[in-house]
Amino acid sequence: MTSPLSPAGAPAPAFPRLALALLAMAQLIIALDSTIIFVALHEMGTQLQINAQQLQWIVSGYTVAFGGCLLLGGRAADLLGRRRIYRLGMALFALASLVGGFSNSAWLLIAARAVQGIGAALLFPATLALINTIYAEGAPRNRALAIWSMASAGGLALGTLLGGVLTQSFGWASVLLVIVPFAGGCALLGGWWLPRDPAPLAGRSFDLAGCVTVTLGGSLLVTTLVQGPEWGWLAPRTLICLVVSAVMLAAFVQIERRSRDPLMQFSLLRLRSLRAAMLLTMLFMSSYGVQYYFLALYYQDGYGWSALQAGLAFLPPTLVCTFGIRIAERMLAQRSPRQVLAVGMLAGAIGIAAVAVALPYGATYWALLPGIVVLSLGQGITWTSMWIVAGQGVPAAQQGVASGMAATAQQIGGALGLALLVMVANAGRGSAGASSDAALQGMIHAQYGAALFALLGVGVALWLRPQQDRAAPTPVCAGEG
C-alpha cells in the first residue's frame, strides 16, 4: 500500500505496510482484550470466589479507565507525539496483562484491568490520529480505516474463540497472559516502523488542570453509570457521585475557556460530523457493543454450553462483520457516509431484534443465525463509517483530541447502555438464579432495548448533512453546524 501524505504534511513512515500493520495490531489488541475476558468470567468467579458485583467490575474497571482517560490520551498524543504515546500505551498493556494473569484476588485483577484501560486510552486516539494524519482524507484514508476496522473484527473473533480455548485448556489467567508478548512486541517495533514524531510546537502546554478535572470527572461519571443499577439511581451515593462529576466537568469547561492552550478546542463541536459521530459511537456501543455480554451469559446459563462452545458461537458473527467492513469500503466509494451509516444502524436494529425473538429456540444455533448475520453485517458497515465521519474536517493538529472525544462518547455509551440494559434484564428477576426462566427472559428484554438504541442511531445518521458528506474538509473556525 502506498502512503500518501495528508494535506498537513505528516511524515511518511519508512515502512508504510509495516506501520499500518502496527496500527491495525493496536486495534486488534484493544478488541481482543475487550472480548477475551467474557467467556473466562464464569471460571474467574468460581476460582477466585468473586461475587456478581466484583465480576462486573472486571469488565467495568477497564471501561471506566478507558472512558475516563481518553481525552488525556488524545491530548498526550497531539502534544507529546503519537508514536511515543503508542509505544507507552502498548507497554502499559503488556505490564497490566502480566500482573492480571498472576492475580490472586478480585481487587488486584480489577486494578490490572483498569491499567489496561489506561493503556487503551493512550493507544486508541494515538492510533486513529496517526491514520488520520498519515493518510489523505478520501479513498486512501478509507482504505487504511477499513484495514484497521478488519483488525478490530479479527480481535473480536480471536478474543471469543481464543478465550474459550485458553480458559478450557489452561485456565482463566491465560486470557490475560497471552496479550503480553504481542503488546510488548508492538511497543518495541513501534520505534522502528512508525514515523518519527515531529518536534513539539513552541509554547504548547499540557493543561494539567484541564487534564485532572476531565479525567477525574469522566471516570467518576462512568463509574456512577456502571454502579447505578446496583446502588439504585435515586440512592444518596449515586446522586452525590453524579453531582460531583457534573461539578468537575463544569470546572473543566471553565478551565478550558480561560486556558491559553486548552486541552480541548470547543470549536471542534461546531463540526456537525464530529457531534454526530459522538452520538453514533454512544449508540453503537449501547446496541452492538452489549451483545457479547448478554449472549455470552445466555449461551452458558441458558443453553448450558461450555466456555469453548460459547467462544465458537461468536466466530461466525465476527467473520460476517469482517465482510460487512469490506461492504462498507465499497459502499463509501459510491454513497455518502450518511446513507451508509443509516443502513448499518438499521441492520443492527433488525438483526438484534431477530436474535431476541430466536433466543428461546436457539440452543442448536441455527435459529439465531439469520439475525446474527444481519446484525453482524450492520456492525461492520457502521464501525468503519462512524470513524470516517469522526475525522472529517478536523485539523491535523487536533486529530488526537477529536479521536479522544469520539472514543470517550463510545465508552460512556457502552457503560450507560450496559447499565441500563442490565437494569432491564434484572427488573423481574428478584432472587432467582442465573439460569432461571426470569433471568433468561430478562436478557431477552435487554436485547430488545439494544435494538431500540440501534434504531435511534438511524435517526442520528440521517441528521448528517447530505451536502457535506462528499465536501472538502471544512475548517473548524468556519462555525459549521
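Me: Which residue just after H6 takes a positive phi?
Reply: This is a predicted model, where local features need pLDDT of at least 70, side-chain atom pairs count only at pLDDT 80 or more, and totals for chains, interfaces and linings use all residues. Residues are numbered from 1 along each chain as its sequence is written, and side-chain values use heavy atoms, with hydrogens and water left out. Helices (H or I, at least four residues) and strands (E, at least two) are DSSP runs, numbered from the N terminus. Just after H6, a positive phi of about 100 degrees is taken by Gly-171.

Me: How far apart are the end C-alpha atoms of H6?
Reply: The expected span of a helix is 1.5 Å times one less than its number of residues. For the 32 residues of H6 that should give 46 Å, and the model agrees, because the end C-alpha atoms of H6 are apart by 44 Å.

Me: Is Arg-143 buried, partly exposed or exposed?
Reply: Buried means under 20% relative accessible area, exposed over 50%, and partly exposed in between (1.4 Å probe, protein chains only). Arg-143 has 32% relative accessibility, so Arg-143 counts as partly exposed.

Me: Which residue forms a salt bridge with Arg-113?
Reply: The count comes to five salt bridges. In one of them, the closest N and O atoms are 3.0 Å apart, and the partner of Arg-113 is Asp-33. Arg-113 lies in helix H5 (residues 106-134) and Asp-33 in helix H1 (residues 16-35), so the pair ties together parts that are 80 residues apart in sequence. Arg-113 is buried, and so is Asp-33.

Me: What is the relative accessible area of Arg-84?
Reply: Arg-84 forms a salt bridge with Asp-197, their closest N and O atoms being 3.8 Å apart. Asp-197 lies in the loop between helix H8 (179-193) and helix H9 (208-231) and Arg-84 in helix H4 (residues 82-101), so the pair ties together parts that are 113 residues apart in sequence. Arg-84 is exposed, with a relative accessible area of 51%.

Me: Which helix gives the most to the nonpolar patch?
Reply: Patches are made of residues with over 30% relative accessible area and no salt bridge, like charges being joined within 9 Å and nonpolar side chains (Val, Leu, Ile, Met, Phe, Trp, Tyr) within 5 Å. Leu-346, Ile-350, Val-374, Leu-452, Leu-455 and Leu-456 form this one on the surface, with about 520 Å² of accessible area together (Shrake-Rupley method with a 1.4 Å probe; for residues, only the protein chains shown count as cover). Two or more residues come from each of helix H15 (337-358) and helix H18 (437-463). With three residues, the most comes from H18.

Me: How many disulfides does the structure hold?
Reply: A disulfide is a pair of cysteine sulfur atoms within 2.5 Å. Cys-69 counts as buried at 11% relative accessibility, and Cys-186 counts as buried at 5%. The number of disulfides in the structure is zero.

Conventions. A salt bridge is a side-chain nitrogen of Lys or Arg within 4 Å of a carboxyl oxygen of Asp or Glu.
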